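Here are my notes for you, point by point. Have the model open while you read, and click on each residue as it comes up.

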Amino acid sequence: MADACCPDDFIGAEPAQIKWRVVRGDTASIMVQFLEADEATSYDTTGWTYIATAYDERLNESYDLDIQVNAGYIKVVAPATMTTTWGVGLKTADLSFDVQVTTLDETVWTPILGTIFVIGDVTGA
């Protein structure tokens with residue numbers, strides 16, 4: 001779980017660095033909460049739009065991750081149909097990913113940058 005915690009000026013802050021572990025062939029997800037300074041109250045993100053992308057440098061291929069917007073948090077999802085192809089032929093692989101937000105006033109901000117560490121699926125191998 002990644003939290004961006006904060007006063008009103010947190011938009012534009014340095015991105016959180018995430019290492020997301022995914023088993024090849026599994027559906028994987030992370031939950032992201034944007035919290036007020038009290039670290040308990042959800043920041044009002046009504047009207048924000050989100051884009052999440054994973055990138056495999058080895059294959060020069062980008063993947064659009066699914067975003068589910070919920071009250072108080074978003075869920076970034078990599079479906080099994082997508083992760084099945086990640087790092088094929090390798091025991092492990094690394095992909096870059098980020099989450100980008102566009103706020104109501106058209107501010108574009110990347111609150112999360114990270115690496116997806118793909119672990120080979122023993123059962124499906």
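1. Let's start with holes. On a 1 Å grid over the protein atoms alone, a cavity is a set of points where a 1.4 Å probe fits but cannot get out, and lining residues have an atom within 4 Å of a point. Grid points are joined across faces, edges and corners, and a volume is the space filled by probe spheres set on the points. With that in hand, a search of the whole structure turns up one cavity of 30 Å³ or more. The largest cavity holds about 30 Å³ of space.

2. Some ground rules. This is a predicted model, where local features need pLDDT of at least 70 and side-chain atom pairs count only at pLDDT 80 or more, while totals for chains, interfaces and linings use all residues. Residues are numbered from 1 along each chain as its sequence is written, and side-chain values use heavy atoms, with hydrogens and water left out.

3. Which residues line the largest cavity? They are Phe34, Tyr43, Thr45, Tyr50, Gly72, Tyr73 and Ile74. By class, that lining has five nonpolar, two polar and no charged residues. (Ala, Val, Leu, Ile, Met, Phe, Trp, Tyr, Cys and Pro count as nonpolar, Asp, Glu, Lys and Arg as charged, and the others, Gly among them, as polar.)

4. Is Thr45 buried or exposed? Its relative accessible area is 17%, so Thr45 is buried (buried means under 20%, exposed over 50%, partly exposed in between, with a 1.4 Å probe and protein chains only). Leaving aside neighbours within four places in sequence, Thr45 is in contact with Phe34 and Tyr50, where contact means heavy atoms within 4.5 Å.

5. Next, the rings. The structure holds six aromatic pairs. Phe34 and Trp109 make a tilted one, 6.1 Å centre to centre with 50° between the planes. (Rings of Phe, Tyr and Trp, its six-membered ring, pair if their centres lie within 6.5 Å; planes under 30 degrees apart count as stacked, over 60 as edge-to-face and the rest as tilted.) This pair links distant parts of the chain, with Phe34 in strand 3 and Trp109 in strand 8 (residues 108–119), 75 residues apart. Both Phe34 and Trp109 are buried. Trp48 and Tyr50 form a tilted pair too, at 6.5 Å centre to centre and 50° between the planes. Ring pairs join Phe34, Tyr43, Trp48, Tyr50 and Trp109 into a cluster.

6. Follow the chain on to the hairpins. Strand 4 and strand 5 (residues 61–70) pair in the antiparallel sense over five bridges; pairing needs at least two bridges found by DSSP. Their hairpin has four residues between the strands, and Asn60 there takes a positive phi near 55°. Strand 5 and strand 6 (residues 73–78) also pair antiparallel over five bridges, and Asn70 stands opposite Tyr73 in strand 6. This second hairpin has two residues between the strands, with Gly72 in the turn at a positive phi of about 90°.

7. Finally, look at two glutamates. Glu39 has a positive phi near 60° and lies in the loop between strand 3 and strand 4. Glu106, in the loop between strand 7 (92–102) and strand 8, has a positive phi of about 70° although it is not a glycine. Glu39 is exposed at 57% relative accessible area, and Glu106 is exposed at 60%.

How values were computed. 1 Å grid on protein atoms, 1.4 Å probe; cavity = no way out; pocket = protein on both sides within 12 Å on 5 of 7 lines; lining within 4 Å.
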